[in-house]
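Subject: Handing over a structure, with notes

Hello,

I am passing a structure on to you, and I would be glad if you could read my notes beside it. Please keep the sequence and the model open as you go.

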Amino acid sequence: MVKILIFELLLPTTPTAWKEVSKTFETVWNLPHCIGALDGKHVVLQAPVNSGTEFHNYKSHFSIVLFALVDGNYSFMFADVGSQGRISDSGVFQATKLHSMLKENTLGIPLPEELPGRSMKIPYFLAGDSAFALSENLMKPYPGDFAKGTRQRIFNYRLSRARRVVENAFGISSAVFRVLRKPMLLEPETAELIVMTVILLHNYLRVHSRNLYTPPGTFDHEVNGVLVEGSWRKEANMTSMLQLKRSPRKSTKYCQKIRDEIAEYFIKGGFLEWQNNYA
């Protein structure tokens, strides 16, 4: 079995630091209590020597999995790369140090607090999609289709709007570092190092050469609520970075109640005047 390479970037470790991350998601993306957006990608490889089906993913490609947590400013806070492509999406997350720290309550996440004008205490949470299981500290969309203007549809819109940061972080990395545009002709251990180097360079350039690396218009943005796609979408070829497999998952009633409370807030005290135009 290939050893999984785990690297902690600028992962916050105190309630104060996590609240700074949450503040960006609330002010920029209108998603209160969010402390990061999660996603994973299959990074396609040539068939590794003597690997059998260990790296064979659900789309019949050989791959390793890149799993990442991104802040509201498009920077990676945590990355885990190296899981074999055959491992399910939930298995990848559960194998990470991030999941262990979340489960053991050692991340330093702030205690639950009420949303403005509400009475139920809401945990601070990571924003995921349908690939992940709903939990106290991980919110995902409601499954199914909902009528325009319903709280479920508005919640899904608001959550996916904030999660756009992780898609954009992957996208700009693929657009600039072309090694991610096609299957890597490398053994998994070398591919792990290449992918992690790209992530580190992305964060470095976001801090030290932001206007050169990501000039205005690079990322998706909104004008009066209307989505304007970022220029990276014209450059990036994501066919060599595949989405994780989406699977339905059961969740507890308490976790569902948390999601319902946030959804209720979005149609009352946290209402955006233009949200009904898009959800």
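Predicted model: local features only at pLDDT ≥ 70, side-chain atom pairs only at ≥ 80, totals over all residues.

Residues are numbered from 1 along each chain as its sequence is written, and side-chain values use heavy atoms, with hydrogens and water left out.

**Two helices that pack**

Two packed helices are described by the angle between their axes and the distance between the axes. Helices here are DSSP runs of H or I with at least four residues, strands are runs of E with at least two, and both are numbered from the N terminus. Helix 1 (residues 15-29) packs against helix 4 (residues 151-176) at an angle of about 115 degrees, and their axes are 10 Å apart. The axes are lines fitted to C-alpha atoms over the stretch in contact, and the angle, on a scale from 0 to 180 degrees, is taken between N-to-C directions. On the helix 1 side the residues that meet helix 4 are Phe25, Val28 and Trp29, and on the helix 4 side they are Arg161, Ala162, Arg164 and Val165, where contact means heavy atoms within 4.5 Å. Sorted by class, this contact has 5 nonpolar, no polar and 2 charged residues; Ala, Val, Leu, Ile, Met, Phe, Trp, Tyr, Cys and Pro count as nonpolar, Asp, Glu, Lys and Arg as charged, and the others, Gly among them, as polar.

**The nonpolar core**

In soluble globular proteins, nonpolar side chains tend to be buried together. A nonpolar core is a set of buried Ala, Val, Leu, Ile, Met, Phe, Trp, Tyr and Cys residues joined through side-chain atoms within 4.5 Å, and buried means under 20% relative accessible area, with exposed over 50% and partly exposed in between (1.4 Å probe, protein chains only). The largest core has 77 residues, of which Leu11, Leu38, Leu69, Leu98 and Ile262 touch the most other members. Helix 4 gives the largest share of this core, with 11 residues. Leaving aside neighbours within four places in sequence, Leu11 is in contact with Trp18, Leu69, Met77, Phe78, Leu98, Met101 and Leu107.

Which residues does Asn156 contact, once its neighbours within four places in sequence are left aside? They are Pro141, Tyr142 and Phe146. Asn156 lies in helix 4 and counts as buried because its relative accessibility is 14%. Pro141 is in the loop between strand 8 (138-139) and helix 4, and at 24% relative accessibility Pro141 counts as partly exposed. Beyond four places in sequence, Pro141 touches Gly128, Asp129, Ser130, Phe155, Asn156, Leu159 and Arg259.

Ser75 sits in the loop between strand 3 (62-70) and strand 4 (76-84), and Ser75 is buried because its relative accessible area is 12%. With neighbours within four places in sequence set aside, Ser75 is in contact with Leu69, Val70, His202, Asn203 and Arg206.

**Salt bridges**

Side chains of opposite charge can pair when their charged atoms come close. A salt bridge is a side-chain nitrogen of Lys or Arg within 4 Å of a carboxyl oxygen of Asp or Glu, and by this rule the count comes to 12. One of them joins Glu261 to Arg118, with the closest N and O atoms 2.8 Å apart. This pair links distant parts of the chain, since Glu261 is in helix 8 (residues 253-266) and Arg118 is in the loop between strand 5 (113-114) and strand 6 (121-122), 143 residues apart. Glu261 is buried, at 10% relative accessible area, whereas Arg118 is partly exposed, at 25%. Arg118 also touches Glu264, Tyr265 and Lys268.

Another salt bridge joins Asp260 to Arg151, with the closest N and O atoms 3.9 Å apart; Asp260 is in helix 8 and Arg151 is in helix 4, 109 residues apart. A further one joins Lys268 to Glu264, at 2.8 Å between the closest N and O atoms, and Glu264 is buried, with a relative accessible area of 17%. Arg151, Asp260, Glu264 and Lys268 are linked in a network of salt bridges.

With best wishes
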